[in-house]
Amino acid sequence: MRAVLRNKIIEVCDKKIASKGENVGVSFYAFFKNKNDDPELLMEAAEWWIKTHQLDHFEKAVKIKAMVVAGE
């Protein structure tokens with residue numbers, strides 16, 4: 001995973017957790033604007049989320065952050 005994606009995931013998870021608490025869920029779409037301005041990065045996130053880790057559509061932000069920080 002590229003550093004730019006890793007940093008974006010951590011940033012978004014931190015903001016969501018701070019505003020909505022530790023039970024907040026996210027999907028990989030949470031890391032992107034509604035406009036598809038970086039399809040390669042979106043596909044990288046989708047592959048990591050769906051193909052590599054077989055995660056559900058929504059997962060706890062604390063779980064995703066922990067996985068990214070651990071380098072999974």
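Does E44 count as buried, partly exposed or exposed, and at what relative accessibility? At 21% relative accessibility, E44 counts as partly exposed, since "buried" is kept for residues under 20% relative accessible area, "exposed" for those over 50%, and "partly exposed" for those in between (1.4 Å probe, protein chains only). The model here is a predicted one, in which local features need pLDDT of at least 70 and side-chain atom pairs count only at pLDDT 80 or more, while totals for chains, interfaces and linings use all residues. Residues are numbered from 1 along each chain as its sequence is written, and side-chain values use heavy atoms, with hydrogens and water left out.

Now for the overall fold. The protein has three helices and two strands, and along the sequence they come in the order α-β-α-β-α. Helices (H or I, at least four residues) and strands (E, at least two) are simply DSSP runs, numbered from the N terminus. The radius of gyration is 11 Å, which agrees with the value near 11 Å for a compact globule of 72 residues; this radius is taken over C-alpha atoms, and the globule rule is 2.2 Å times the number of residues to the power 0.38. Along its principal axes, the C-alpha trace spans about 30 × 25 × 20 Å. Of the 72 residues, 33% are buried. Take the contacts (heavy atoms within 4.5 Å) between residues at least 6 apart in sequence: 54% of these join residues at least 24 apart.

On to the salt bridges, where a side-chain nitrogen of Lys or Arg lies within 4 Å of a carboxyl oxygen of Asp or Glu. The count comes to four. E44 turns up again in one of them, its side chain meeting that of R2 at 2.7 Å, N to O. This pair ties together distant parts of the chain, with E44 in helix α2 (residues 39–52) and R2 in the segment before α1 (3–20), 42 residues apart. R2 counts as partly exposed because its relative accessibility is 36%.

Another of the bridges pairs D14 with K65, with 2.6 Å between the closest N and O atoms. Here too distant parts of the chain are linked: D14 belongs to helix α1 and K65 to helix α3 (residues 61–70), 51 residues apart. D14, at 34% relative accessibility, is partly exposed, and so is K65 at 26%.

E11 and K15 also form a salt bridge, with their closest N and O atoms 3.2 Å apart. These two sit four residues apart in helix α1, so about one helical turn separates them. E11 is partly exposed at 37% relative accessibility, whereas K15, at 53%, counts as exposed.
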